[in-house]
Amino acid sequence: MCHFTQRSSALSFPKICNVFWRFHHTSTSHLCSCSKTVSDEKYQDPFQLGRKDLKNLYEDIKKELLVSAAELKEMCDYYFDGKGKAFRPMIVVLMARACNIHHNNSKEVQASQRSVAIIAEMIHTASLVHDDVIDDANSRRGKRTLNQIWGERKAVLAGDFILSAASVALARIGNTTIVSVLTQVIEDLVRGEFLQLGSKENENERFAHYLEKTFKKTASLIANSCKAVSILGCPDPKVHEIAYQYGKNVGIAFQLIDDVLDFTSCADHLGKPTAADLKLGLATGPVLFACRQFPEMNAMIMRRFSRPGDVERAWKYVLQSDGVQQTTYLAQRYCHAATREIRKLRPSPEREALVHLTEMVLMRDK
């Protein structure tokens with residue numbers, strides 16, 4: 001990933017992305033800005049800083065999934081084995097601390113804020129279970145998917161059960177605003193899946209469609225979870241917007257890099273098959289950028305790479321183009337936007353960890 005990041009800054013950027021970038025980034029320059037310069041705080045490792053608040057995370061999730069049926073329990077516990085990165089809960093607890101410090105210098109995470117982190121991971125995992133059924137996927141996080149082991153019907157029910165348990169935990173927080181914010185995530189996940197099933201003929205509309213889908217399927221969960229903990233920790237709507245914008249931008253960048261890794265990382269390292277999106281008929285960022293250099297890809301995109309040889313040809317075109325570099329550059333822009341937002345909060349180790357996390361998103365290799 002390093003060489004893509006270094007090369008991309010010199011590359012031209014398509015007009016459509018500049019247009020959509022402006023559309024997708026409502027200015028928040030009027031929001032509070034406590035520090036626009038780099039603070040004296042040392043860079044913090046987000047995973048080290050968030051470890052205290054995430055201790056026993058998966059055990060607590062399993063407590064939310066108490067069920068008497070042994071098979072359903074085994075299915076629900078399958079992905080909550082403690083081997084995941086806990087990327088989303090980590091962002092949520094760091095954002096909670098950053099907002100609490102900004103508001104009243106409180107250095108503790110509230111119980112309700114930690115509950116949001118648990119709920120976010122449960123919603124995310126339920127969506128993965130359902131995605132694997134839709135995509136007929138056979139591997140996830142380096143092991144077989146639920147649908148491959150227990151079948152599609154039981155996998156769907158397990159995903160539903162995890163989602164219902166998350167809803168119960170959400171109701172227990174007892175804040176209707178938080179319920180409204182986090183149920184938006186579930187709506188966005190469904191709408192994003194429908195967007196993924198469609199495509200656009202017009203090139204400009206196609207990229208906007210792709211980024212809207214990316215927001216709804218990936219970034220909405222991070223954005224709204226960050227917003228939820230900011231609401232619980234600080235009454236200032238300007239801070240809520242900062243938290244939301246940070247989560248949105250990091251979430252989109254995370255997925256853009258995920259789409260890059262589908263072309264640059266080996267299957268064993270990634271934990272899932274490479275070229276998976278092409279095989280599913282999906283045109284992600286690298287493909288859409290490559291299409292500008294190889295217009296013959298348009299027909300393949302519209303038929304969702306369904307003809308024999310389409311996947312292999314599209315793969316070849318992407319690697320011959322600057323599609324990977326351009327997508328990485330776009331991810332950089334989203335990360336820079338996230339950094340600008342979070343620096344509006346009062347300096348703290350957690351704020352600096354969230355800044356550092358944007359760099360980790362860009363440099364990750366799985």
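How many helices and strands does the secondary structure of the protein come to?

1. **Overall make-up.** The secondary structure comes to 19 helices and 2 strands. Helices (H or I, at least four residues) and strands (E, at least two) are DSSP runs, numbered from the N terminus. This is a predicted model, in which local features need pLDDT of at least 70 and side-chain atom pairs count only at pLDDT 80 or more, while totals for chains, interfaces and linings use all residues. Residues are numbered from 1 along each chain as its sequence is written, and side-chain values use heavy atoms, with hydrogens and water left out.

2. The protein has 366 residues, and 57% of them are buried. Buried means under 20% relative accessible area, exposed over 50%, and partly exposed in between (1.4 Å probe, protein chains only). Take the contacts with a separation of 6 or more: 77% of them join residues 24 or more positions apart. Contact here means heavy atoms within 4.5 Å.

3. **H9 against H10.** Helix H9 covers residues 152-173 and helix H10 residues 176-197; they pack at an angle of about 160°, with axes 9 Å apart. Axes are lines fitted to C-alpha atoms, for helices over the stretch in contact, and angles run from 0 to 180 degrees between N-to-C directions. H9 is therefore roughly antiparallel to H10. The cut-offs are these: under 35 degrees is roughly parallel, over 145 roughly antiparallel, 65 to 115 roughly perpendicular, and the rest oblique. The crossing of H9 and H10 is right-handed. A crossing is right-handed if the near helix is turned clockwise from the far one by less than a right angle, and left-handed if anticlockwise. H9 brings Leu-163, Leu-170 and Ile-173 to the contact, and H10 brings Ile-178, Val-179, Leu-182, Thr-183 and Ile-186. By class, the contact of H9 with H10 has 7 nonpolar residues, 1 polar and no charged. Ala, Val, Leu, Ile, Met, Phe, Trp, Tyr, Cys and Pro count as nonpolar, Asp, Glu, Lys and Arg as charged, and the others, Gly among them, as polar.

4. **H6 against H12.** Helix H6 (residues 87-104) packs with H12 at an angle of about 155°, their axes 11 Å apart. That makes H6 roughly antiparallel to H12. Their crossing is right-handed. From H6 come Phe-87, Arg-88, Ile-91, Met-95, Cys-99 and His-102; from H12 come Val-239, Ala-243, Tyr-246, Val-250 and Phe-254. The contact of H6 with H12 divides into 9 nonpolar residues, 1 polar and 1 charged.

5. **More on H12.** Ile-252 sits in helix H12, which spans residues 237-264. Ile-252 counts as buried because its relative accessibility is 0%. Lys-216 is 36 residues from Ile-252 in sequence, and 9.3 Å away C-alpha to C-alpha. Next, look at Arg-364, in the segment after helix H19 (349-363). With 12% relative accessibility, Arg-364 is buried. A polar atom of the Arg-364 side chain lies 3.0 Å from the backbone oxygen of Phe-254.

6. **The loop between H16 and H17.** Is Arg-304 buried, partly exposed or exposed? Arg-304 is partly exposed, because its relative accessible area is 26%. Arg-304 belongs to the loop between helix H16 (297-302) and helix H17 (310-320). Its phi is positive, about 55°, although Arg-304 is not a glycine. Phe-305 lies in the loop between H16 and H17 too. Phi of Phe-305 is near 55°, again positive in a residue other than glycine. Phe-305 is buried, at 5% relative accessibility.

7. **Asp-310.** This residue is in helix H17. Asp-310 is buried, at 1% relative accessibility. Its side chain makes a polar contact (2.7 Å) with the side chain of Arg-303. A polar contact is a pair of N or O atoms within 3.5 Å; within protein, one must be able to donate a hydrogen and the other to accept it, and residues adjacent in sequence count only if both atoms are side-chain atoms. Not counting residues up to four places away in sequence, Asp-310 touches Met-300, Arg-303 and Phe-305.

8. **Leu-278.** Which helix holds Leu-278? Leu-278 is in H14, residues 276-279. Leu-278 counts as buried, at 1% relative accessibility. Val-311 is 33 residues from Leu-278 along the chain, yet their C-alpha atoms are separated by 5.9 Å. Leaving aside neighbours within four places in sequence, Leu-278 is in contact with Asp-262, Phe-263, Val-287, Phe-305, Val-311, Ala-314 and Trp-315.
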